[in-house]
Amino acid sequence: MEKIRIFVADDNPQYVDFIVSSIARQPNMYVVDSASDGEEALSKLKKCGTIDVLIVDMIMPNLDGYALLKQINDGIEGTSVRHIICISALVNERILSLISTLGGDMFVIKPFTASSLLDAIQSVLESDVLKDHKFESQSNGESIEKRLSDLLHEMGVPAHIKGYNYLRTGILLTFENQDEYIGQITKSLYPEIAKRYKSTSSRVERAIRHAIEIAWNRGNIDLIDEIFGYSINAEKAKPTNSEFIVMIADYLAVMKKNAVMMH
């Protein structure tokens, strides 16, 4: 089995050592190389071949993480990075939005534990499994996975929390396999999500509940009303996990149907 290739860019040698040692204990992954600033990282990445996961600190000398992501996202010749995990002690909504725009898959706030970093790596790699099942919209070529990510972001679900990944996976699975999962969220869907993320059903349920509560408290009320209609009052009751997953899966199905009809 081919090991997962990881590159680390951070100007803090203690963090580099911590990340390298944490990954070294995993049998299925290893650190190809590391760099202490963005310019060094870019130079080394051109010689490393395909990197499965780039772990990059956003605040570095010479060339910071944002500039490095922009160059990678612009398709600098010689670099091949499949997934990017951004790390920093500073985070706000503007930073998260910028990271997403620049191609970052996930944000992990410093300080972090080895288990949280490994969870992040597993999560971004899990997205490859989902991509195998995606289909293209007939109207503009945008995948349902991309549409769902944009939808969750607009609804106010932060991309850096575990509940975001659990929700996204659960909605896509329900969208693609409605007969299997509708009415079986607790018995079938939670265990499947837990299996994919090496978690437990109860943790999946709690994380999804937390993500929905955040969306309901700070999200786009007009969008929430559009999706949930009169079945749930956005200013009052929050939907259950099952209601949220099923209704967004249905919303995506309508989007797909309308796109095909327009085509």
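**Exercise 1. Classify the packing of α7 against α9 in this predicted model.**

Solution. 
Step 1. Locate the helices. Helix α7 covers residues 162–176, and helix α9 covers residues 185–196.
Step 2. Take the geometry. The two axes come within 10 Å and cross at roughly 125°.
Step 3. Assign the class. Angles of 65 to 115 degrees count as roughly perpendicular and those over 145 as roughly antiparallel.
Step 4. The crossing of α7 past α9 is right-handed.

**Exercise 2. List the residues where α7 meets α9, then sort them by class.**

Solution. 
Step 1. On the α7 side, the residues are Tyr-166, Thr-169, Gly-170, Leu-173 and Thr-174.
Step 2. On the α9 side, they are Ile-185, Leu-189, Glu-192, Ile-193 and Arg-196.
Step 3. Sort them. The contact has five nonpolar, three polar and two charged residues. Gly counts as polar in this scheme.

**Exercise 3. Describe the surroundings of Leu-173.**

Solution. 
Step 1. Leu-173 sits in helix α7.
Step 2. Decide on burial. The cut-off for buried is under 20% relative accessible area. Leu-173 has 4% relative accessibility, so Leu-173 counts as buried.
Step 3. Find its partners. Setting aside neighbours within four places in sequence, Leu-173 contacts Tyr-181, Leu-189, Glu-192, Ile-193 and Arg-196.
Step 4. Look further along the chain. Ala-249 is 76 residues away in sequence from Leu-173, yet their C-alpha atoms are separated by 8.8 Å.

**Exercise 4. Repeat the packing analysis for α6 and α7.**

Solution. 
Step 1. Helix α6 spans residues 144–155. Its axis and that of α7 are 11 Å apart, at an angle of about 135°.
Step 2. That angle makes α6 oblique to α7.
Step 3. The hand of the α6 and α7 crossing is right-handed.
Step 4. From α6, the contact uses Ile-144, Glu-145, Leu-148, Ser-149 and Leu-152. From α7, it uses Tyr-164, Arg-168, Ile-171, Leu-172 and Phe-175.
Step 5. By class, this α6 and α7 contact holds seven nonpolar, one polar and two charged residues.

**Exercise 5. Is Ser-149 buried or exposed, and which residues does it contact?**

Solution. 
Step 1. Ser-149 belongs to helix α6.
Step 2. Its relative accessibility is 17%, so Ser-149 counts as buried.
Step 3. Neighbours within four places in sequence are left aside. Ser-149 then contacts Tyr-164 and Arg-168. Both Tyr-164 and Arg-168 are listed on the α7 side of the helix contact.

**Exercise 6. Find where the cis peptide bond falls.**

Solution. 
Step 1. The bond joins Lys-110 and Pro-111.
Step 2. Its omega is about -5°.
Step 3. Pro-111 is in the loop between β5 (106–109) and α5 (114–131).

**Exercise 7. Examine positive phi at Asn-62 and Lys-198.**

Solution. 
Step 1. Asn-62 has a phi near 65°, a positive value in a residue other than glycine. Its place is the loop between β3 (50–57) and α3 (65–73).
Step 2. Lys-198 has a phi near 55°, also positive and also not glycine. Its loop runs between α9 and α10 (201–218).
Step 3. Exposed means over 50% relative accessible area. Asn-62 has 59%, so Asn-62 is exposed. Lys-198 has 67%, so Lys-198 is exposed.

**Exercise 8. Summarise the protein chain as a whole.**

Solution. 
Step 1. Its secondary structure comprises twelve helices and five strands.
Step 2. Of its 263 residues, 48% count as buried.
Step 3. The chain exposes about 13,000 Å², and carbon and sulfur atoms supply 50% of that area.
Step 4. Take the contacts between residues at least 6 apart in sequence. Of these, 64% join residues at least 24 apart.

Conventions:
Residues are numbered from 1 along each chain as its sequence is written. This is a predicted model: local features need pLDDT of at least 70, side-chain atom pairs count only at pLDDT 80 or more; totals for chains, interfaces and linings use all residues. Side-chain values use heavy atoms; hydrogens and water are left out. Axes are lines fitted to C-alpha atoms, for helices over the stretch in contact, and angles run from 0 to 180 degrees between N-to-C directions. Helices (H or I, at least four residues) and strands (E, at least two) are DSSP runs, numbered from the N terminus. A crossing is left-handed if the near helix is turned anticlockwise from the far one by less than a right angle, and right-handed if clockwise. Contact means heavy atoms within 4.5 Å. Buried means under 20% relative accessible area, exposed over 50%, partly exposed in between (1.4 Å probe, protein chains only). Accessible areas come from the Shrake-Rupley method with a 1.4 Å probe; for residues, only the protein chains shown count as cover. Angles under 35 degrees count as roughly parallel, over 145 as roughly antiparallel, 65 to 115 as roughly perpendicular and the rest as oblique.
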